[in-house]
Amino acid sequence: MSLTYPEDRSYHSEHLWAKAEPDGTMLVGITDYAQDQLGGVIFVDLPTVGEHFKQGVSCASIESVKITSDAIIPVSGEIVAVNEALADAPELLNDSPYDKGWLVRVKPDDADEGGRISAAEYAALVG
């Protein structure tokens, strides 16, 4: 199975994506590459709504059968929602990393903040 990187979002070199939503927020999740490297996800420790994170810092912890990994947020902003479904079904990160397996919804400080790359650039980065 080949890994996919949808072009309707931007990517961070630390293997998370950000997708602009019509309401001005951004959905954030892990890439197909990240879920493939992690293996079976068994637990996700999400932040609290209202917390603020700067781009490039850990906003969540993802535990898999192989390793525990930090989720490095690709955009600075305030957490306005977390994916509650991951509490009961952390495997959504593996099964649906770009849809049902999103991590957090962020109200970005600056939607045009640098530091993110296109799908093609990310695909080239991970080879």
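1. Rings of Phe, Tyr and Trp (its six-membered ring) count as a pair if their centres lie within 6.5 Å. This note applies that rule to a predicted model. By this rule, Tyr5, Tyr11 and Tyr122 form one aromatic cluster.

2. A search of the whole structure turns up four aromatic pairs. One of them joins Tyr11 and Tyr122: the ring centres are 5.2 Å apart and the planes meet at 20 degrees, so this pair is stacked. The cut-off for stacked is an angle under 30 degrees.

3. Where do Tyr11 and Tyr122 lie? Tyr11 is in strand S1 (residues 10-11) and Tyr122 is in helix H4 (residues 119-126), so their pair ties together parts that are 111 residues apart in sequence. Both Tyr11 and Tyr122 are buried.

4. Another pair is made by Trp17 and Tyr98. Their ring centres are 6.0 Å apart and their planes are at 45 degrees, so the pair is tilted.

5. Are Trp17 and Tyr98 buried or exposed? Trp17 has a relative accessible area of 0% and is buried. Tyr98, at 14%, is buried as well, because the cut-off for buried is under 20%.

6. Trp17 also has a charged neighbour. Arg9 lies over the face of Trp17, at 4.5 Å from the ring centre.

Definitions and conventions: Residues numbered from 1 in each chain as written. Predicted model: local features only at pLDDT ≥ 70, side-chain atom pairs only at ≥ 80, totals over all residues. Heavy atoms only, no water. Phe/Tyr/Trp six-rings, centres within 6.5 Å; stacked < 30°, edge-to-face > 60°. Helix = DSSP H or I, 4+ residues; strand = E, 2+ residues; numbered from the N terminus. Buried < 20%, exposed > 50% of the residue type's maximum accessible area, 1.4 Å probe, protein only. Lys NZ or Arg CZ within 6 Å of the ring centre and 35° of its normal.
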